[in-house]
Amino acid sequence: MRQVLIIEDDKDIAELVAIHLQDLVCQIKHCSNGKAGLSIATAETFHLIILDIMLPGMDGLEICKELRAREIFTPILMLTAKSEEIDKVLGLEMGADDYLTKPFSVREFVARVKAIFRRQTIHEKSSDQPTEATIKIENLVIEVDKHKVMLNGNRIELTPKEFDLLVLLASHPGKSYSREDMLNMVWGYEFSGYEHTVNSHINRLRAKIESDFSKPQYILTTWGVGYRFNDELTVEKH
């Protein structure tokens, strides 16, 4: 049974979310205060955190940022009554896995949760298989198990999705992935119209690892297809 933490101060929303999570055979814990929610999220293990942005005590963006800073990579689905794009961008940059704006349909909420769980299952199965613990490309070092990226000896802070995208591309140099491919493999769901999510993550990833954003060395664009990792670089896997 999957354990889910709901950090939401709107009682009606929390109850609605809980009912449908229970239909997915989840065990629920609910908290309506931001600081208290952070304490629970750091003290216990969950498969998913449903996190509202506007909370008393501590807002959801700060909670998300703090969890990722503590290297707690539990999937986070953010909820907010705000519809401004800046909130979505901030949530994704701080490490949220997905984002829903209130009011949202129950059907879409369930689809997003199922997608996150499906992605988790794929990751759990793949983690049982032998994989390269370290990928070294020139001055870029990816320690997969540690979720750690070093560039020229300096640690690069990546969100979970940025890290997953980098590992996917670096593990298969020269292979071109469409935006749809990456949505399915990294986000785990198939929604038309979400290709911009891939683009924004690739742009942020490039900004962090490329010395010249206009002339990328690592992540290249395959025109008319999507993206690929530069296969002309020396890649070592251990």
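Is Ala36 buried, exposed or partly exposed? Keep that in mind as you open the viewer; the tour comes to Ala36 at its second stop.

Before you start, note that this is a predicted model, in which local features need pLDDT of at least 70 and side-chain atom pairs count only at pLDDT 80 or more, while totals for chains, interfaces and linings use all residues. Residues are numbered from 1 along each chain as its sequence is written, and side-chain values use heavy atoms, with hydrogens and water left out.

**Stop 1: the open sheet**

Select the five strands S1 to S5. They form an open sheet in the order S2-S1-S3-S4-S5, with parallel pairing. Strands here are DSSP E runs of at least two residues, and helices are H or I runs of at least four, numbered from the N terminus; two strands pair if DSSP finds at least two bridges between them. At the edges you will find S2 (26–31) and S5 (98–101), each pairing on one side only.

Now zoom in on S1 (residues 2–7), which runs parallel to S2 and is joined to it by 6 bridges. Pick Ile7 and look across to its bridge partner in S2, Cys31. S1 is mostly covered, with 5 of its 6 residues buried; buried means under 20% relative accessible area, exposed over 50% and partly exposed in between, using a 1.4 Å probe and protein chains only.

**Stop 2**

Contact itself means heavy atoms within 4.5 Å.

Ala36 is in this helix. With a relative accessible area of 32%, Ala36 is partly exposed. Draw a C-alpha to C-alpha distance from Ala36 to Ile7: the two are 8.9 Å apart in space and 29 residues apart in sequence.

**Stop 3: two packed helices**

Next, select H6 (residues 160–170) and H7 (residues 179–187). They pack at an angle of about 115°, their axes 10 Å apart. On the H6 side, the contact is made by Lys161, Asp164, Leu165, Leu168 and Leu169, and on the H7 side by Met182, Met185, Val186 and Trp187. Colour this contact by class and you get 7 nonpolar, no polar and 2 charged residues. Here Ala, Val, Leu, Ile, Met, Phe, Trp, Tyr, Cys and Pro count as nonpolar, Asp, Glu, Lys and Arg as charged, and the others, Gly among them, as polar.

H6 is largely enclosed by the rest of the structure, because 10 of its 11 residues are buried. Among them are Lys161, Glu162 and Phe163.

**Stop 4: the hairpin and Thr222**

Finally, move to S11 (residues 219–222) and S12 (residues 226–229). These two strands form a hairpin with 3 residues between them, and Gly224 in the turn has a positive phi of about 80°. S11 and S12 pair in the antiparallel sense over 4 bridges, and Ile219 stands opposite Phe229. S10 (residues 177–178) also runs antiparallel to S12, joined by 2 bridges, with Tyr177 opposite Tyr227.

End on Thr222, which is buried at a relative accessible area of 16%. Which residues does Thr222 contact, leaving aside neighbours within four places in sequence? Show Ser176, Tyr227 and Arg228. The side chains of Thr222 and Ser176 are joined by a polar contact of 2.8 Å, a term for a pair of N or O atoms within 3.5 Å where, within protein, one must be able to donate a hydrogen and the other to accept it, and where residues adjacent in sequence count only if both atoms are side-chain atoms.

Notes: Axes are lines fitted to C-alpha atoms, for helices over the stretch in contact, and angles run from 0 to 180 degrees between N-to-C directions.
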